[in-house]
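This report sets out the architecture of one protein chain. The sequence and the coordinates are shown first.

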Amino acid sequence: MTPFHCVSGAAAPMTTPNIDTDVIMPKMFLKGVDRSGLGDGAFNLLRFSAGRPNPDFVLNRDGYRDACFLVVGPNFGCGSSREHAVWGLQQLGIRALVGTTFAGIFNDNCANNGLLTISLDAATIGTLAGIVANPASNRLTVDLEQQTIRIEGGGTIPFAIEPARKEAFLTGRDAISSTLVFADDIRAFEARHRADNPWF
């Protein structure tokens, strides 16, 4: 995974509740045998209309086209468990999602692929969404080491994260590479186990 330390950029509000994975990554983009082209699929039915950019969609507006953060509504990522939704958001340039709640499997897919999810209370999300609704004040800095969101116009919002998840993001290690940190210990255990239990 790409390590996440301190990332600054534009944030876009997308606070409709229950945005599901079929909205994030429509089913026609699930046919490929690799991950290529999924950035085009992300929010495709919202981003485009009759093959042209939809000017009503927030990520097509001035100040939001290069957004790397989304301030989202509750239960974001519900629906099917398609991992393509996370890959597409990443290819679109999204580094973190800030909301109240995220669907469980989607949240795990985000953690396993390096897309940071930050959960805050509803009142804070409402305030933050109001701030980033103005493209003149929509730049944030997410500092994972300090566990803060800094608003360019002033103000800092602290957030909580599980220590193991924080460590994975800071180091860029997924579940497999985190296990391989202990590769020498695993091999030593295997050798001892074989020697102590030759009948296996």
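The following paragraphs treat the overall composition, the sheet, the nonpolar residues, the backbone and the salt bridges in turn.

**Overall composition**

The model is predicted. Its protein chain has 200 residues, of which 44% are buried. Nine helices and nine strands make up the secondary structure of the chain. Taken along the principal axes, the box filled by the C-alpha atoms comes to roughly 70 × 40 × 25 Å.

**The sheet and its hairpins**

Seven strands form an open sheet with mixed pairing, in the order β6-β5-β4-β1-β7-β8-β9. At its edges lie β6 (116-119) and β9, each of which pairs on one side only. From one strand to the next, the twist averages 30°.

The end of this order that holds β7, β8 and β9 can be followed residue by residue. Strand β7 (residues 139-143) pairs with strand β8 (residues 148-151) in the antiparallel sense, over four bridges. Within this pair, D143 stands opposite T148 in β8. The two strands form a hairpin with four residues between them, and Q147 in the turn has a positive phi of about 55°.

Strand β8 also pairs in the antiparallel sense with strand β9 (residues 156-158), here over three bridges. In this pairing R150 stands opposite T156 in β9. The hairpin of β8 and β9 has four residues between the strands, and G154 takes a positive phi near 120° there.

**Nonpolar core and surface patch**

In soluble globular proteins, nonpolar side chains tend to be buried together. The largest nonpolar core of this model has 29 residues, and those touching the most other members are F43, L59, L70, F76, L89, L97 and F106. Two or more residues are given to this core by each of β1 (6-14), β4 (69-72), α4 (84-91) and α5 (104-113). Helix α4 gives the most, with four residues.

V181, F182 and I186 make a nonpolar patch of about 270 Å². F182 lies in the loop between α8 (175-180) and α9 (183-196). Its relative accessible area is 48%, so F182 is classed as partly exposed.

Most residues other than glycine have a negative phi. A50 is not a glycine, yet it has a positive phi of about 55°. The residue sits in the loop between β2 (48-49) and β3 (52-53). With a relative accessible area of 81%, A50 is exposed. N75, likewise not a glycine, has a positive phi of about 65°. N75 belongs to the loop between β4 and α4. Its relative accessibility is 28%, and N75 therefore counts as partly exposed.

**Salt bridges**

Side chains of opposite charge can pair when their charged atoms come close. The count for this model comes to six salt bridges.

| Salt bridge | N to O distance |
|---|---|
| R82 and D22 | 3.0 Å |
| R65 and D62 | 2.5 Å |
| R165 and D108 | 3.8 Å |

Which parts of the chain does the pair of R82 and D22 link? R82 is in the loop between β4 and α4, whereas D22 is in helix α1 (residues 21-24), and the two are 60 residues apart. R82 has a relative accessible area of 16%, which is under the 20% limit, so this residue is buried. D22, at 32% relative accessibility, counts as partly exposed.

Is R165 buried or exposed? Its relative accessible area is 19%, and R165 is therefore buried. D108 has a relative accessible area of 42% and is partly exposed.

In the pair of R65 and D62, both residues are exposed.

Note on methods. Residues are numbered from 1 along each chain as its sequence is written. This is a predicted model: local features need pLDDT of at least 70, side-chain atom pairs count only at pLDDT 80 or more; totals for chains, interfaces and linings use all residues. Side-chain values use heavy atoms; hydrogens and water are left out. Two strands pair if DSSP finds at least two bridges between them. Axes are lines fitted to C-alpha atoms, for helices over the stretch in contact, and angles run from 0 to 180 degrees between N-to-C directions. Patches are made of residues with over 30% relative accessible area and no salt bridge: like charges are joined within 9 Å, nonpolar side chains (Val, Leu, Ile, Met, Phe, Trp, Tyr) within 5 Å. Accessible areas come from the Shrake-Rupley method with a 1.4 Å probe; for residues, only the protein chains shown count as cover. A salt bridge is a side-chain nitrogen of Lys or Arg within 4 Å of a carboxyl oxygen of Asp or Glu. Buried means under 20% relative accessible area, exposed over 50%, partly exposed in between (1.4 Å probe, protein chains only). A nonpolar core is a set of buried Ala, Val, Leu, Ile, Met, Phe, Trp, Tyr and Cys residues joined through side-chain atoms within 4.5 Å.
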